[in-house]
Amino acid sequence: MTIFTNTQITVDDIPAVSSVEFSELHPKYRWVNLSSTFIWLAVPAIPLAVVLPKILKSQWSLYIWFAIAVIVCLSFVFSYYSAKVSRYALREHDILFQQGLFWQKTTAVAFNRIQHIDLTHGPMERKYQFSSLKFFTAGGSSVDLKIPGLPKDDAEQIRAMILSKINKDAAQDTSEDSSQGQEAPTHHDE
Amino acid sequence: MTNESNATPTTEQTQWKRLSPVASVYYLFKTVKAFIGQAVPSLAPLVIVLLNSDDKALIASLAAVGVVTLLVSSSLLQYWFFQYQLVDNEIKINQGVFKKQHRVINFDRIQNININQPIYFRPFELVILVIETAGSKGGEGDLAGISQPMAEDIRDKILLRQSQIKVEQDEANNQTLDDPIDTTLATEKTDQLISTASTGDLIRYGLSNNGMYILLAFMAPVFNKSEDIIDYFFSKAELNAIVEALGGKLIGGIIIVVALILSVFLLLMLISVLGSILKFHNYRLTLTDETLKRKSGLINTQEESLNLSKIQAIARQNNFIGHWLGRENLVLRQAGGGGNKQQTRNNLFIVPARTAEQSEQLIKTLYTDHFDQIETHPINKRYILKTLLLTLLLPVVLISIPFVIQQHFWVMSFYLLPLLCYPLVAKRWRNYRYGKTGEYGLIRTGFIGHKQVLFPLFKVQRATISQSIVQKRRNLATLTIYLASGKMRIPYMPVEHARQWFDQIYAKIETDARPWF
């Protein structure tokens with residue numbers, strides 16, 4: 001039905017990741033992220049601060065408290081700023097995510113490679129109506145892309161949008177398969 | 001060819017059939033294997049009863065007879081209750097003695113079909129048809145003990161059906177485009193012999209196969225016990241005499257250690273060579289339409305089929321022995337089963353011991369592009385510095401801290417170690433190259449041997465660009481590419497190259513509708 005086209009694309013026509021406009025996560029999420037870090041740290045740090053000096057020599061306790069305080073402070077700063085620098089972008093065929101304070105990482109998941117999408121939220125996220133989207137492809141045994149700190153409604157909307165796109169593509173695929181299916185054998189026969 | 005699939009099933013097809021009675025031998029092996037794996041640990045109480053009893057011989061023989069009877073009768077029953085039939089495009093299997101199982105396998109769902117022949121089936125000209133579907137863990141859909149022509153017939157039917165689906169879809173959806181392929185695809189079967197391997201080749205494969213070093217890791221516990229083993233064979237006095245005969249305490253000791261290491265190494269090589277001959281004896285690689293078939297095996301014959309569209313990447317690799325022999329191995333990588341080790345090893349389709357030209361020839365058959373003129377780029381030289389400082393020096397420094405605090409400053413001499421590694425790291429840097437065409441990517445790595453991975457860009461699942469602060473200042477980046485068969489990294493490439501790769505990969509996978517699987 002559709003006539004197979006294969007127009008040539010020059011390198012300049014390929015959409016470039018460097019020109020994508022990323023949007024930041026919700027500013028409130030920085031504090032949510034910080035407070036969930038606080039919960040995770042308080043659980044081991046407080047008993048540690050109490051017990052460790054008792055086991056070791058007493059003149060060391062000051063150092064230990066100091067060290068724990070430094071680690072806790074650094075984690076707070078880190079969790080706040082890592083949420084601040086995380087950014088995402090939706091394109092027509094994929095979703096991009098950029099993160100990392102010291103190691104900046106940009107990754108994308110193409111909609112037609114997605115196996116499934118999870119929508120999750122931790123206790124703190126739930127309290128403030130945030131969600132995380134987790135994308136799975138066949139290219140790894142664990143989560144391929146996790147976008148945290150999306151307002152709950154946004155996350156659900158994005159997921160619904162991507163899923164409907166995948167389904168539409170799949171429906172189109174069967175018709176496109178015709179052109180592609182024939183291409184595949186010639187491709188290998190050469 | 002559509003006639004054939006729609007043909008009314010003949011009477012022969014609609015009846016339930018049993019496997020050959022010899023199949024009970026297969027079930028016996030299977031049951032014994034399961035018995036050893038699962039039941040033996042729970043037999044400990046029985047052993048205690050046995051050891052405490054007065055008449056050990058009687059009880060033991062009673063137990064042995066009991067176990068053997070149980071195993072034999074169980075395998076006979078399993079054979080008796082296994083029935084199968086082919087109806088249209090389905091295989092129906094009924095099995096189970098107490099827990100009945102009815103299984104229907106649709107041809108369209110089948111991923112791999114292999115034909116194996118264990119040695120005990122050979123006199124009867126019987127084979128095992130191994131049918132793998134996406135969800136099967138293996139063994140559930142096996143037809144063990146059917147005749148060779150029958151197995152081949154079933155396999156051809158399945159392959160024919162699968163190529164028909166493709167053609168039918170083409171016809172239904174695209175009548176405007178008449179393609180010469182759909183008339184020839186399913187009907188004309190041309191077996192194209194691609195490769196064979198002589199025993200000499202197999203010996204070379206055994207030597208150049210890295211599996212040997214995996215074996216070495218398994219042997220590690222044995223090395224820990226090596227003293228005990230030596231003690232077992234030689235007395236202290238004899239050992240001393242040998243050391244003396246080899247020229248005194250230290251030199252003699254060193255010679256013994258070196259000789260031991262060498263003999264272990266040679267032993268492993270021997271095992272590897274034997275394994276290679278066992279697995280690849282009478283090796284024949286053929287290409288039929290879209291399916292690669294490997295047939296080989298000395299004791300147990302195996303026939304493995306692989307649809308070309310399932311290949312995720314092709315790796316050419318050799319180690320230093322292979323390098324020296326001028327041989328390399330070609331590994332056709334398939335999608336890995338979610339990190340399951342056992343399965344990932346099975347997902348490698350190995351073409352052993354090939355010369356560089358032979359590999360290039362085969363790659364040309366499988367992929368359309370030519371890779372001889374492909375332009376490759378080196379990664380940035382800072383890779384050496386980073387590897388030396390972060391990967392090698394940092395752990396040494398961290399480990400040394402407690403020693404240095406206690407004022408053992410001599411430990412700091414170990415900091416020179418990374419310096420000694422410099423030539424190796426530099427060599428690795430020099431061998432690290434990458435390149436791409438419009439359709440394919442190429443990544444080359446290696447120390448002394450080399451590994452070159454070629455993959456179609458549209459099979460990529462995901463790509464990631466990462467930059468550390470230092471890399472950012474130097475405009476460098478690390479690109480990680482995830483395929484269904486595993487991930488690959490190009491470290492320390494110019495950031496504009498990384499972005500180019502990233503953009504091209506995503507443009508490719510989003511516009512190319514060919515299925516990656």
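How many helices and strands are there in chain B? There are 19 helices and 21 strands, with helices (H or I, at least four residues) and strands (E, at least two) taken as DSSP runs numbered from the N terminus. This is a predicted model, where local features need pLDDT of at least 70, side-chain atom pairs count only at pLDDT 80 or more, and totals for chains, interfaces and linings use all residues. Residues are numbered from 1 along each chain as its sequence is written, chains are lettered from A and ligands numbered from 1 in the order in which they are written, and side-chain values use heavy atoms, with hydrogens and water left out.

**View 1. Chain A as a whole.** Chain A has 4 helices and 7 strands. Read from the N terminus, the order is β-α-α-β-β-β-β-α-β-β-α. Of its 190 residues, 38% count as buried (under 20% relative accessible area, with exposed over 50% and partly exposed in between; 1.4 Å probe, protein chains only). Its accessible surface is about 11400 Å², and 61% of that belongs to carbon and sulfur atoms (Shrake-Rupley method, 1.4 Å probe; for residues, only the protein chains shown count as cover). Take the contacts between residues at least 6 apart in sequence: 50% of them join residues at least 24 apart (contact means heavy atoms within 4.5 Å).

**View 2. Ile95(A) and its neighbours.** Ile95(A) sits in strand S3 of chain A, residues 94-99. Its relative accessibility is 0%, so Ile95(A) counts as buried. Leaving out residues up to four places away in sequence, Ile95(A) touches, among others, Leu90(A), Val109(A), Phe111(A), Phe135(A), Leu145(A) and Ile158(A). Ile158(A) is 63 residues away along the chain, yet the two C-alpha atoms are separated by 9.7 Å.

**View 3. Chain B as a whole.** Here 41% of the 517 residues count as buried. Chain B exposes about 27800 Å², with carbon and sulfur atoms supplying 62%. For contacts between residues at least 6 apart in sequence, 58% join residues at least 24 apart.

**View 4. H3(B) against H5(B).** Helix H3 (residues 23-39) and helix H5 (residues 56-80) of chain B have axes that come within 8 Å and cross at roughly 130 degrees (axes are lines fitted to C-alpha atoms, for helices over the stretch in contact, and angles run from 0 to 180 degrees between N-to-C directions). That makes H3(B) and H5(B) oblique to each other (under 35 degrees is roughly parallel, over 145 roughly antiparallel, 65 to 115 roughly perpendicular, and the rest oblique). The residues making this contact include Tyr27(B), Leu28(B) and Phe35(B) of H3(B) and Val67(B), Leu71(B) and Tyr79(B) of H5(B). By class, the contact of H3(B) with H5(B) has 10 nonpolar, 5 polar and no charged residues (Ala, Val, Leu, Ile, Met, Phe, Trp, Tyr, Cys and Pro are nonpolar, Asp, Glu, Lys and Arg charged, and the others, Gly among them, polar).

**View 5. H4(B) against H5(B).** The axes of helix H4 (residues 44-52) of chain B and H5(B) come within 8 Å and cross at roughly 150 degrees. H4(B) and H5(B) are therefore roughly antiparallel. Leu46(B), Leu50(B) and Leu51(B) of H4(B) meet Lys56(B), Ile59(B), Ala60(B) and Ala63(B) of H5(B).
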